[in-house]
Amino acid sequence: MKIGITSTIPAEIVYAAGHVPCDLNNLFINDPDPGRFITLAEDEGFPRTTCAWIKGLYGVLQTVEIDTVIVVSGGDCSNTLALGEVLAHDGLRIIPFSYPLRPEPGPLKLALEELTRKLKAEPEQIAACKEKLDRCRRKLAEIDRLTWQDGKVRGRENLDFLVSASDFRGEPRAFLAEIENFLAQAKTRTARPRRLRLGLAGVPPILGNLCQTLENLGAELVFNEIPRQFAMPWAPDCDLVEQYLRYTYPYQVERRLDDITRACRERQLDGVIHYTQSFCFRQIEDILFKRRLPVPVLTLEADQPEAVDGRTLTRLETFIEMLAGAKEMPDWFIKT
Ligand code: SF4
């Protein structure tokens, strides 16, 4: 059975129970016309001032044959909770999954056990599925390394692969084969000349061409915070509880800031773009991003799934020129 998910949850348990997780966010944003899902939700009464991702998820569920959804009821946002209630009223089976308030092993273990019980998964099957998915995660870590260390993978390729680790595109075996083909081809590439190095923090951007735009402006995206979190490169070295304890997204923003700070140092980032979604509570966290990160931060807000508009383009250009000026980069590096 295909089970919709609203955010990253332990896919190992879903696969172990014989089901196929399907990240509704990816269905929404990868559709050739994602705006139609928002219209469907607004026609149903979702306010204009609700996050577009939430409306997108609702709209997607009006068009696909999915009748069970795992809703992240703790560690995500109150919009998701309300979405779950509307979906339950629509007749869908809602399975709540709640990350504990703090990353503590005891409460997280209980949450994993509860999901295991609800889906009727067996511990041996979970262990076997974890092993399979860890194989993908190892290869995704290699894609990430080739991005920031070897300069052979582009930022948008990195994002596309890593963000897919929320559900492994519904077919872990095929996904692994695709990753391996990509890696074999990427390793033969010539390393790209070193350019300005940026990180992208925050929820995955709703702007379809953001990565390409950054590249066109002469910057290289060498760190995708949340997609890397979805890929959990640390997973092969730990058990399931520790794996999801180290996942920063559901917990306090301080842990995310530590993770991004580490990336700034290790990957030698020149700046960070903090993407925030309109009407999302995480916009408030931007205050801490600006205070805590050791490199300049540009906050970028967007609402609808569309291309980068003129105003945003100008802000990106100015930010990149400012960083390049600070580094005294040669003229050729901008606007290649
Ligand atoms: S972008 Fe913010 S408001 Fe929208 S679903 Fe994600 S956490 Fe919730």
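A crossover is called right-handed if, with the strands pointing away from the viewer, the path from the first strand over the helix to the second runs clockwise. Keep that in mind for two of the stops below. The model you are looking at is predicted.

**Stop 1: strand S7**

Select residues 271-277, which form strand S7; 7 of its 7 residues are buried. In a regular strand the side chains alternate between the two faces of the sheet. Here, one side of S7 carries Gly271, Ile273, Tyr275 and Gln277, the other carries Val272, His274 and Thr276, and all of these are buried.

S7 and S8 run parallel and are paired through 6 bridges. To find a spot where they face each other, look at Thr276, which stands opposite Glu301 in S8. Next, show helix H14 (residues 286-292) too: together with S7 and S8, helix H14 makes a right-handed β-α-β unit.

**Stop 2: strand S5**

Which strand joins S7 through 4 bridges? Strand S5, residues 196-201, does, and the two run parallel. Two places to check are Ala201, opposite His274 in S7, and Gly199, whose bridge partner in S7 is Val272.

Is S5 enclosed or open? Of its 6 residues, 6 are buried, so S5 is largely enclosed by the rest of the structure. Leu196, Leu198 and Leu200 point one way, while Arg197, Gly199 and Ala201 point the other way.

S5 is also joined to strand S6 (residues 219-224), in parallel, by 5 bridges. Pick Gly199 again and you will see Phe223 of S6 opposite. To get from S5 to S6 the chain passes through helix H10 (residues 210-216), and this β-α-β crossover is right-handed.

**Stop 3: helix H13**

Select residues 253-266. Colour Arg256, Ile260, Ala263 and Cys264, which are buried. These cover an arc of only 105° around the axis, which puts them on the same side of H13. Then turn to the face away from this buried side, where you will find the exposed residues Glu254, Asp258, Arg262, Arg265 and Glu266.

**Stop 4: helix H6**

Helix H6 covers residues 105-119; its 15 residues reach 21 Å from the first C-alpha to the last, close to the 21 Å expected. Leu108, Ala111, Leu112, Leu115, Thr116 and Leu119 are its buried residues. Look down the axis of H6: the buried residues fall within an arc of 140°, so they line one face of the helix. The face turned away from them carries the exposed residues Gly106 and Arg117.

**Stop 5: Cys22**

Select Cys22, in strand S2 (residues 20-23). Cys22 counts as buried because it has 21 C-beta neighbours inside 10 Å, and the cut-off is 20 or more.

**Stop 6: around the ligand**

Finally, centre on the ligand. Which residues surround the ligand? They are Cys51, Trp53, Ile54, Asp76, Cys77, Asn79, Thr80, Val203, Gln277, Cys280 and Arg282. Helix H4 (52-61) and helix H5 (78-89) are the elements that give two or more residues to this shell. By class, the shell has 6 nonpolar, 3 polar and 2 charged residues. One of the surrounding residues, Gln277, is part of S7, back where the tour began.

How values were computed
Residues are numbered from 1 along each chain as its sequence is written. This is a predicted model: local features need pLDDT of at least 70, side-chain atom pairs count only at pLDDT 80 or more; totals for chains, interfaces and linings use all residues. A residue is near a molecule or strand if its C-beta atom, placed from the backbone, lies within 6 Å of it. Ala, Val, Leu, Ile, Met, Phe, Trp, Tyr, Cys and Pro count as nonpolar, Asp, Glu, Lys and Arg as charged, and the others, Gly among them, as polar. A residue is buried if 20 or more other C-beta atoms lie within 10 Å of its own, exposed if 12 or fewer, and partly exposed in between; C-beta atoms are placed from the backbone. Two strands pair if DSSP finds at least two bridges between them. The arc is that of the directions from the helix axis to the C-beta atoms. The expected span of a helix is 1.5 Å times one less than its number of residues.
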